[in-house]
Amino acid sequence: MTQPPSSGPTTTRALRGRAVTFRADPFLDDPAHALVHEDDALILIEDGRISRFGPFEALRHTIPDGIPVTTYPDSLLSAGFVDTHVHYPQLPMIAAYGEQLLEWLERYTFPTEAKFADPGHARAVARRFLRELLRAGTTTAAVYCTVHPQSVDAFFDESARLNTRMVAGKVLMDRNAPDDLRDTAQGGYDDSLALIDRWHRRGRQLYAVTPRFAATSTEEQLDLAGSLLRQRDGLFMQTHLAENTAEIAWIRRLFPNRASYLDVYAHAGLVGPRSVLGHAVHVDEDDFCTCHQAGCALAHCPTSNLFLGSGSFRLFDAVDVRRPVRVGLGTDVGAGTSLSQLGSLNEAYKVAQATGRRLHPAQAFWLATAGGARSLYLDDRIGTLAVGMEADLCVLDPKATPLMAQRAETCETIEDLLFILMMLGDDRSVRATYVAGELVHDRDDPAHTHPAVSFR
Ligand code: GUN
Ligand code: ZN
């Protein structure tokens, strides 16, 4: 980097470096055509948005007088990563040993989430979580809080300070959970509506109605969640679907009158645009057709599915061109083992291999950026580098470690370089992260870290 960037809410910035983004969906189009690669790009940022993007030499005359150029040699400029499924309160219990889903929830997750009754604890974890996300190059996430409204206030407060575009909500849970983690159908509704009116569309914050999963909500609570979605415009819905076989057998016992696990949610009016269903490991062709028609999204969470032994998400069946379903990538921390979407892509590649398919690097990076944005219906604002988009970016370093540097030497194409990043990269490969044009993480110069994420 040649010039330290200055800060301020309306800073004009000029970034220069190799850039990658997308002009099309590489699952539906030829990946080589879908990927946009600019060897020497200018990204001009004004008022938090990208105002120019293209070849540096052709555009350099558009840089306003007196604006320094921040150059990132040997790097890749990309839209910030989008994480479509993650639990911020579970950060303290990441890497908890030995269990599969239902026992893991009982033994580790519920006791960890109970601590979020304390707003001070919630604030401290929210702050650490957001800082870790930005270190990983992730600028937008769909986030589960806990059943406590104060856990939601803590998260949105911290996100608003950073000006990150986040989707989050209070977990609804009125049965099959410990006493100190249960709400009631009406209480959960009232608390959610108050949070919606406090946070939804306030700055860049967006609210997701969040029934944890069908096992921990009565039918009455699910119906009220559906009703909540109709109370205000542009709300999201997030929950878990068909992750684990024991879970699915339980749902069948709890809802004997529903045709399928997905039908439990559809019946309550929870499956539509801006609904994000986590996992969907054990679903069938009828479910994929329903999701396609409804316009909901599935969050593919490979590190979590491997960690909990849940199974393999059928990515290429989900995105089948005859009835493509929107798919995003989720870390699902604390069941996921990394907040880095590079880590998720590493495992997504292996899951695809295990199901006989090959995840092209362009498809992989699309999932982590533009595909995630599309699954959240936010692709008109985030997920790509283009004029008018919100300037949420990450700067990736394909030579972050000695091994990567050595391996990168033999890369001939941009696809090779992307593949190295997804197989060998992690937070060390994130050179810098920008949120709405502001530098919020600088790996090599912590003094430039945004004050809202500084612990000093
Ligand atoms: N199903 C219900 N709750 C959870 C959770 O917190 N994590 C995961 N992975 N699955 C769930
Ligand atoms: Zn989850």
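Student: OK, what covers the buried residues of H6?
Tutor: The cover includes helix H5 (149–162), strand S8 (171–172), strand S9 (205–211) and helix H7 (219–229). Helices (H or I, at least four residues) and strands (E, at least two) are DSSP runs, numbered from the N terminus, and contact means heavy atoms within 4.5 Å. One caution: this is a predicted model, where local features need pLDDT of at least 70 and side-chain atom pairs count only at pLDDT 80 or more, while totals for chains, interfaces and linings use all residues. Residues are numbered from 1 along each chain as its sequence is written, chains are lettered from A and ligands numbered from 1 in the order in which they are written, and side-chain values use heavy atoms, with hydrogens and water left out.

Student: Which residues of H6 are buried?
Tutor: Ala185, Gly188, Tyr189, Ser192, Leu193, Leu195, Ile196 and Trp199. Buried means under 20% relative accessible area, exposed over 50%, partly exposed in between (1.4 Å probe, protein chains only). Looking down the axis of H6, those buried residues fall within an arc of 165°, so they line one face of the helix. The arc is that of the directions from the helix axis to the C-beta atoms.

Student: And what comes just after H6?
Tutor: Arg201, which takes a positive phi of about 65°.

Student: Switching to H4, how does its span work out?
Tutor: H4 (residues 119–135) has 17 residues and should span 24 Å at 1.5 Å a residue, and its end C-alpha atoms are 24 Å apart, which agrees. The expected span is 1.5 Å times one less than the number of residues.

Student: What caps the N-terminal end of H4?
Tutor: Asp118 does, with a side-chain oxygen 2.8 Å from the backbone nitrogen of Gly120. Just after H4, Gly137 has a positive phi of about 85°.

Student: Which H4 residues are buried?
Tutor: Ala122, Val125, Ala126, Phe129, Leu130, Leu133 and Leu134. Seen down the axis of H4, they fall within an arc of 165°, so they line one face of the helix. Their cover includes strand S5 (81–87), strand S6 (138–144) and H5.

Student: New topic: where does Thr146 sit, and is it buried or exposed?
Tutor: Thr146 is in the loop between S6 and H5, and at 0% relative accessibility it counts as buried. Its side chain makes a polar contact of 2.7 Å with the side chain of His148. A polar contact is a pair of N or O atoms within 3.5 Å; within protein, one must be able to donate a hydrogen and the other to accept it, and residues adjacent in sequence count only if both atoms are side-chain atoms.

Student: What about ligand 1, which polar side-chain atom lies 2.8 Å from one of its oxygen atoms?
Tutor: That's one from Arg212. An N or O atom in the Gln90 side chain is 2.9 Å from an oxygen atom of ligand 1, and one in the Asp332 side chain is 2.7 Å from a nitrogen atom of ligand 1. Taken alone ligand 1 exposes 280 Å², and the protein buries 100% of that. Those areas come from the Shrake-Rupley method with a 1.4 Å probe; for residues, only the protein chains shown count as cover.

Student: Last one: where is Phe365?
Tutor: In helix H14 (residues 361–375). At 2% relative accessibility, Phe365 counts as buried. Phe365 and Ser78 are 287 residues apart in sequence and 9.3 Å apart in space, C-alpha to C-alpha.
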